[in-house]
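Here is a friendly briefing to read alongside the model. Please keep the viewer open as you go through the points.

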Amino acid sequence: QVQLVESGGGLVQPGGSLRLSCAASGISFSFYDMGWYRQAPGKQRELVAVITSSGSTNYADSVKGRFTISRDNAKNTMHLQMNSLKPEDTAVYYCHARYANAYWGQGTQVTVSS
């Protein structure tokens with residue numbers, strides 16, 4: 001059974017930092033391209049960052065220079081370091097895995113507010 005479990009969300013003030021984690025099980029993690037998506041209330045789900053199986057990364061323009069995606073294939077985990085958070089970063093953040101099939105996590109809430 002495939003599971004993607006996100007953690008690390010919460011409430012943070014503008015300018016603060018959070019580190020999200022995604023723990024994967026039931027897949028050959030190193031083969032998968034991994035990504036973070038987010039969905040704010042009333043908006044469509046959007047790509048935040050991806051890291052391929054080879055380690056290449058790509059970011060949405062809105063988070064470039066503030067967010068860093070990484071992966072640890074030995075631990076089957078992916079992380080998103082989020083710095084200089086803004087209120088517009090408030091959303092549910094989802095972990096995504098794609099190779100032969102695609103899988104989603106259940107999401108973790110990130111709220112940026114003073």
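Predicted model: local features only at pLDDT ≥ 70, side-chain atom pairs only at ≥ 80, totals over all residues.

**The disulfide and its surroundings**

Cysteine 22 and cysteine 95 are both buried.

**Disulfide**

- The count of disulfides comes to one.
- Cysteine 22 and cysteine 95 make this bond, with their sulfur atoms 2.0 Å apart.
- The bond links distant parts of the chain, since cysteine 22 sits in strand β3 and cysteine 95 in strand β9, 73 residues apart.
- The torsion about the S-S bond of cysteine 22 and cysteine 95 is about -70°, so this disulfide is left-handed.
- As a reminder, a disulfide is a covalent bond between the sulfur atoms of two cysteines.

**Nonpolar core**

- The largest nonpolar core holds 29 residues. Met34, Trp36, Met78, Leu80, Met82 and Tyr93 are those with the most contacts inside this core.
- At least two residues of this core come from each of β3 (18-25), β4 (33-39), β5 (46-51), β7 (67-72), β8 (77-82), β9 (91-98) and β11 (108-112).

**Salt bridges around aspartate 89**

- The count of salt bridges comes to four.
- Aspartate 89 forms a salt bridge with arginine 38, and their closest N and O atoms are 3.0 Å apart. Aspartate 89 lies in the loop between β8 and β9 while arginine 38 lies in strand β4, so this pair ties together parts that are 51 residues apart in sequence.
- Aspartate 89 also meets arginine 66 in a salt bridge, at 2.7 Å from N to O. This pair too links distant parts of the chain, with aspartate 89 in the loop between β8 and β9 and arginine 66 in the loop between β6 and β7, 23 residues apart.
- Salt bridges link Arg38, Glu46, Arg66 and Asp89 in a network.
- How buried are these charged residues? Aspartate 89 has a relative accessible area of 0% and is buried. Arginine 38 has 6% relative accessibility; because buried means under 20%, arginine 38 counts as buried. Arginine 66, at 10% relative accessibility, counts as buried as well.

**More on arginine 66**

- Arginine 66 is placed in the loop between β6 (57-59) and β7.
- A polar atom of the arginine 66 side chain lies 3.0 Å from the backbone oxygen of serine 84.
- Leaving out neighbours within four places in sequence, arginine 66 is in contact with Gln81, Met82, Asn83, Ser84, Leu85, Lys86 and Asp89.

**Salt bridge between aspartate 61 and lysine 64**

- The side chains of aspartate 61 and lysine 64 meet in a salt bridge, at 3.1 Å from N to O.
- Is aspartate 61 buried or exposed? With a relative accessible area of 67%, aspartate 61 is exposed.
- Lysine 64 is partly exposed, with a relative accessible area of 48%.
- By contrast, aspartate 89 and arginine 66 are both buried.

Definitions and conventions: Residues numbered from 1 in each chain as written. Heavy atoms only, no water. Core = buried A, V, L, I, M, F, W, Y, C linked by side-chain atoms within 4.5 Å. Buried < 20%, exposed > 50% of the residue type's maximum accessible area, 1.4 Å probe, protein only. Helix = DSSP H or I, 4+ residues; strand = E, 2+ residues; numbered from the N terminus. Polar contact = N/O pair within 3.5 Å; in protein donor to acceptor, adjacent residues only side chain to side chain. Contact = heavy atoms within 4.5 Å. Disulfide = S-S within 2.5 Å.
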